[in-house]
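Here is a brief report on one chain.

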Amino acid sequence: MDVQRKRQVRLFVALGLALVLATGLIYTSFNASSEARQPTELSQAVPGKNYEMTGKVIKGSIRKTKSGIAFKVSDRDGSGSLPVTYSGVVPDPFREGREIVLKGSVEDGVFVGDKDTLVTKCPSKFSEKKNQ
Amino acid sequence: MAAALIGTRGDRRWVDASRRAAYALFGLMLICVIVIEHAFLTNDFSFSVVANHSSEATPVFYKITAMWSSQEGSLLLWAFLLSVVSTVSLRLTRNRLRDVVPWATAVMLGVAVFFTGLMLLGGGVNPFATLATVPVDGTGLNPLLQHPVMIIHPPMLYTGYVALTVPFAFAIGALVSRRIDAAWIRSTRGFALIAWTFLTFGIILGARWSYTELGWGGYWAWDPVENASLMPWLITTAYIHSIMVQEKRNMLKVWNASLIVSSFALALLGTFLVRSGVLQSIHAFGDSTVGPYFLGLIGVVVVGSTALIISRLDILRAPRKIDSLVSREAVFLINNLLLVALCAVVFWGTFFPLISELLTGTRSTLAAPWFDRYTTPLAVTLVLFTGIGPMLAWRRISWQGIRRVFAIPLVVAAATLVLMLIFTPAAESAWALAVFTLAAFTVSALFQETWRGAAARRESSGRSMAGSVWDLMSRNRRRYGGYIVHIGFVVLLVGVAASSSFEEKRDVELRPGQSATVGDYEVTYIRPTVDRNDQALIFGAILQVDRDGKQFTRLHPTRQYHQVTDGRTRSIETYFDGEATSEVGLKPGLRSDFWTSVEPNTRYIRRRARMADDRFRGLMVVLSRKVRRDPSAAPQVADFAADVMNRTTDKVLELYPQRNDTVTFRVIVSPLVSWIWTGAIIALLGSLFALWPTGLLGRVGARIGARLGDGSEPVAEPRPSAPGPSPEGPPVSAATGEES
């Protein structure tokens, strides 16, 4: 009986811990996450809130600035134009016309990217053809 | 093929036929692979795979390996490897497990049918698809993948994934046939270990590639695809520990069955994620059409296996329960729970974009800090239990026993803690300090264990200490191989903790002659460099690194610009339209790595390239008029044009070193990164130590067993392991180190 009791206690402790972990996961993940947006959707962005922006780098818009680079992005379908500033590592495949993903927030109509969060999708040149 | 074996029940002839079908499949897949490889090597661009992933200029080495850079090729590789492991596993068990094998065969061939079917019928992933118009030259292999590590990374991961099929298939077989003793586990644990080994090294190689080839300086970013390979690894790690409990104590059967099903499902998920484009990832090479099929297979595996486990619950229930929390099986179970919790965290984080889209309508993503918050404490606790586990006996341990085995490791850990606090700045990061302390505890515990076992052996045999250690270890390779793996794993985690907590990173802009200070080092940009090869222009920088006023090293980070080869008119600008890859300048060291990458300033060169291209186009107009007048001069003119192009490119490039432009560098001083790779190599040696002779002797044992007509259960270990401690067995048997 005693052993039985002890086992039950153990089981409840384990289940309790699992529950705490699960709640923690769910709660913090909604807090810490950043919503994914395309450039045109960011026109009504909450200032200071963190977003994950997915867009296409507009041709001829990349400039070097003092602290990094500045460029403009459009939606995947080419509509809209949002100025972006970014400092940090520029990934190797970063180019005009390519799709990028960048975390950051909107300040005065400019998307300010977080340092080192720029991701360039691998160019489709090497894989798109076969999927037509 | 499948038809022959689905009907495999009872009748031996059917079983033999199905096994031969597996052998035949291997033969066929081998031919497929050879045909594709031949096409790659001979530049047969009528195959669309070859045209899209190779070119005349692609080096031979990369032509061979270009196969698995494509979706079709990687599916073919999966199927081929599957046929290899099914053949080997069925060969090894051909005289054993008569009830289980037919079902296992059916499962493995079922999976094989899925993959081959996918290639033949699934949307456009047939590796033998041909092009209507054969191009003159192929697109070439993505230069980012042209790296020796990238060549072996995918097949290693795939071998890991595929090898998991074997224990999964046998588990299903055991469940269906209701033969759930430990026999199927003994027959397939080698495959589980092989899967684990390959997964480990696949993951480590990926990290290494990221560190040396991508210009960001890290080795892990919680990218969905990285996570996809980590999840099956975590579950497989849990599995190879918990099956020991089933073997020794006949417990945790439901748990084990669930683990192997999950790890196989996660392996499929891993293959699926890389190719699906469901989640944003640098690895997601465009969207693919095979996604739904994979999801279907994963669904079938999960639902089918769960139903099967539930229907067999009556016989899976353990006759025994865990007696004490301070026993080896309890610690194994805790370690298991930690690993599964880790996997749950990674899973949730990876799929959070989908989950949040489902719940709130907007897709949200989680970044590395969120992952770190959960995985760090879990990993630290894991290190602690890695030390405790092997020291405890099965069933339970007495208080004297606890004092005896824990005294020395605790003292070592405390000493490490104190020394760390006095001599290093480790106190700045509590988690890193915890990892270092627990690592000292775990490593000293493992050494103490080995030492005690060897000492006992020396007393009985009278041999030297070194001889006794070797004797002990080689007689129980699985156990001591495991210890070596644990040590490697601890070393690796120390490297991860140190490099992530105490890294110094700076992005600096320098002109030639200028310097910057990073940590204790001073970096001076000496001069720009330029070079070219068949495929790329290479811009770089010579850096001098000084420490304490003395020269420490010279580094030469570069960035290569690969030319677009799409049959357009040649021009210098096409180099800048193509891919660029980084080659980092690295000075590795035991204490810290000095890492640099460069982002060359090519604005001026590109302007000059445009001007040169304009003039070249003018020349081409004149030349083509000449060819029209006199067609026989065409080859001569082509040679002339190529020569002019060549010389112009060199001329333009010569301008680069003369410029005094500002160039951006990333400089990282990262402590103990090399421990990660060292730890991985130690772990590799450990698992080889555990695998090698057992497998060999197991096979010999199987053959002898077969000859003796004892088909059901030949020896799978070097020598039959001691029977588990009897209920009244000695409380501390771990220190004598004979049982595993």
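Two strands pair if DSSP finds at least two bridges between them. In this predicted model, Asp546(B) stands opposite Gln551(B) in S6(B). The strands involved are S5, residues 536-547 of chain B, and S6, residues 550-555 of chain B. They pair in the antiparallel sense over 5 bridges.

S5(B) and S6(B) form a hairpin, with 2 residues between them. Asp548(B) sits in the turn and has a positive phi of about 50 degrees.

## Chain B overall

Chain B holds 23 helices and 11 strands. Of its 740 residues, 49% count as buried. Take the contacts in chain B with a separation of 6 or more: residues 24 or more positions apart account for 75% of them.

## The four-stranded sheet

An open sheet in chain B is formed by 4 strands, in the order S2-S11-S10-S9. The pairing is antiparallel. Strands S2 (504-510) and S9 (585-587) of chain B stand at the edges. Each has a single partner strand, so one side of each is left without a neighbour in the sheet. From one strand to the next, the twist averages 15 degrees.

How many bridges join S2(B) to S11 of chain B? There are 7 bridges, and the two strands run antiparallel. S11 of chain B spans residues 663-671. Val508(B) stands opposite Phe665(B) in S11(B).

## Helices H21 and H22

Two packed helices are described by the angle between their axes and the distance between the axes. Helix H21 of chain B covers residues 603-629, and helix H22 of chain B covers residues 634-658. Their axes come within 10 Å and cross at roughly 165 degrees. That crossing angle makes H21(B) roughly antiparallel to H22(B). The crossing of H21(B) and H22(B) is right-handed.

On the H21(B) side, the contact residues include Ile605(B), Arg608(B), Phe616(B), Leu619(B), Leu623(B) and Lys626(B). On the H22(B) side, they include Val637(B), Val644(B), Met645(B), Thr648(B), Leu655(B) and Tyr656(B). The residues of the contact of H21(B) with H22(B) divide into 16 nonpolar, 1 polar and 2 charged.

## Helices H15 and H19

Helix H15 of chain B, residues 368-388, packs with helix H19 of chain B, residues 477-501. The angle is about 150 degrees, and the axes are 11 Å apart. That angle makes H15(B) roughly antiparallel to H19(B). The crossing of H15(B) and H19(B) is left-handed.

Which residues meet in H15(B) and H19(B)? Ala379(B), Val383(B) and Thr386(B) in H15(B) meet His486(B), Val490(B) and Leu493(B) in H19(B). By class, the contact of H15(B) with H19(B) has 4 nonpolar, 2 polar and no charged residues.

## The surroundings of Ala163

Ala163(B) lies in helix H7 of chain B, residues 148-163. Is Ala163(B) buried or exposed? Ala163(B) counts as buried because it has 29 C-beta neighbours inside 10 Å; the cut-off for buried is 20 or more.

Leave aside its neighbours within four places in sequence. Ala163(B) is then in contact with Val85(B), Phe191(B), Ile194(B), Ala195(B) and Phe198(B). Val176(B) is 13 residues from Ala163(B) along the chain, and the C-alpha atoms of the two are separated by 21 Å.

Methods: Residues are numbered from 1 along each chain as its sequence is written. Chains are lettered from A and ligands numbered from 1 in the order in which they are written. This is a predicted model: local features need pLDDT of at least 70, side-chain atom pairs count only at pLDDT 80 or more; totals for chains, interfaces and linings use all residues. Axes are lines fitted to C-alpha atoms, for helices over the stretch in contact, and angles run from 0 to 180 degrees between N-to-C directions. Angles under 35 degrees count as roughly parallel, over 145 as roughly antiparallel, 65 to 115 as roughly perpendicular and the rest as oblique. A crossing is left-handed if the near helix is turned anticlockwise from the far one by less than a right angle, and right-handed if clockwise. Two residues are in contact if their C-beta atoms, placed from the backbone, lie within 7 Å. Ala, Val, Leu, Ile, Met, Phe, Trp, Tyr, Cys and Pro count as nonpolar, Asp, Glu, Lys and Arg as charged, and the others, Gly among them, as polar. A residue is buried if 20 or more other C-beta atoms lie within 10 Å of its own, exposed if 12 or fewer, and partly exposed in between; C-beta atoms are placed from the backbone.
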